[in-house]
Amino acid sequence: MTTRSVVGASSPVGLRLLHAAVFLAMAAGVLYVSVPEWRHVLLVLGQPFHAGPLPRWLLLAGSLVAAVGVLPLAWGLVRGRSAPLWASGAVLVSLVGAVGAGDGRPLAEARSEESANLAILRVGRRVHLSMVQELQAHGGAPIDVESWRKALEVAGPAPDRIRTRELRAVAPHVVWLESDEDSAEPMVPGSLRVHVTPDGVAFSIRLVGLRDGKPVLLLDDRGKELVLRGLFNPDLPPAEKPAVSPIP
């Protein structure tokens with residue numbers, strides 16, 4: 001009497017269909033929620049800079065495991081055979097990984113360049129307002145770069161808004177210009193390009209943002225280069241110090 005192996009053996013059609021439907025649905029859910037992460041990875045590899053937080057590595061790994069598990073499940077369904085247990089286990093592991101991949105982060109995260117540019121603009125305006133206050137209170141803005149760096153720290157920059165292709169965060173920083181027309185290449189997104197006159201009575205700030213993964217100077221509503229300027233006016237009362245609130 002020969003003993004027939006149960007591995008790969010035929011199984012009742014109803015049970016086989018139910019098993020395949022449940023586990024294929026699990027795998028499809030994991031693959032679906034991982035699509036934005038794979039798009040983000042492709043974007044990261046194709047551009048020098050990108051906006052947004054790190055990819056969800058656990059979700060990406062889970063999607064690969066789910067894809068590996070789907071193949072024998074689908075093949076067993078087509079052949080009318082029971083799928084190996086490891087395939088079902090792989091799908092379950094991928095589902096657990098996908099559930100734990102969130103780490104409190106929303107599925108729809110702000111990874112657009114527009115949101116990063118708006119964050120840079122908010123920081124730049126806070127620095128601008130604080131320096132206008134200094135200008136009116138003391139008759140001149142600080143003419144040393146260290147004071148501007150401290151003002152940037154107080155403005156509450158978000159260092160994880162922009163990252164390099166190597167996934168390193170690009171922290172906002174001050175680029176000191178010798179003249180108002182100084183190019184000071186190369187540009188880095190998130191930087192504030194500052195020029196202050198030698199007497200401190202006037203200054204200008206240009207903000208570097210992102211467009212198609214490349215650093216560009218932010219533009220105003222008319223499509224012209226955005227320049228935040230300050231000029232001492234002795235006829236104006238001292239400006240009130242702006243309140244600093246965290247960037248959303």
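Predicted model: local features only at pLDDT ≥ 70, side-chain atom pairs only at ≥ 80, totals over all residues.

Colleague: What is the phi of Asp-212 about, and is it positive or negative?

Modeller: Here's the general idea: most residues other than glycine have a negative phi. Asp-212 isn't a glycine, yet its phi is positive, at about 55°. The residue lies in the turn of a hairpin formed by strand 5 and strand 6, with two residues between the strands.

Colleague: Why does Asp-212 count as exposed?

Modeller: Exposed means over 50% relative accessible area. Asp-212 counts as exposed because its relative accessibility is 58%.

Colleague: Where else is there a positive phi in a residue other than glycine?

Modeller: Leu-167 is a case, with phi near 70°. You'll find Leu-167 in the loop between strand 2 (162-164) and strand 3 (174-176).

Colleague: Back to strand 5. How many of its residues are buried?

Modeller: Nine of the 10 residues in strand 5 are buried, so to speak "mostly covered".

Colleague: Which way does strand 5 run relative to strand 4, strand 6 and strand 7?

Modeller: Antiparallel each time. Strand 4 pairs with strand 5 over five bridges, and Leu-192 has Leu-207 as its bridge partner. Five bridges also join strand 5 to strand 7 (residues 227-231), where Leu-231 partners Ala-202. Strand 6 is joined to strand 5 by four bridges, with Leu-217 as the partner of Val-208.

Colleague: How many residues lie between the strands in the hairpin of strand 4 and strand 5?

Modeller: Five, and Gly-200 in that hairpin takes a positive phi near 80°.

Colleague: Now the inside. Which residues have the most contacts within the largest nonpolar core?

Modeller: The general idea is that nonpolar side chains tend to be buried together in soluble globular proteins. In this model the largest nonpolar core has 26 residues, and Val-127, Trp-148, Phe-203, Ile-205 and Leu-207 have the most contacts inside it. At least two residues of this core come from each of strand 1 (49-51), helix 4 (113-138), helix 5 (145-154), strand 4 (192-196) and strand 5 (202-211). Helix 4 gives the largest share, six residues.

Colleague: What does Val-127 touch?

Modeller: Leaving out residues up to four places away in sequence, Val-127 touches Trp-148, Ala-151, Leu-152, Ala-155, Leu-192 and Ile-205. There's also a second, separate core of nine residues, including Phe-23, Leu-59, Ala-66 and Leu-73.

Notes
Residues numbered from 1 in each chain as written. Heavy atoms only, no water. Core = buried A, V, L, I, M, F, W, Y, C linked by side-chain atoms within 4.5 Å. Buried < 20%, exposed > 50% of the residue type's maximum accessible area, 1.4 Å probe, protein only. Contact = heavy atoms within 4.5 Å. Pairing = 2+ DSSP bridges.
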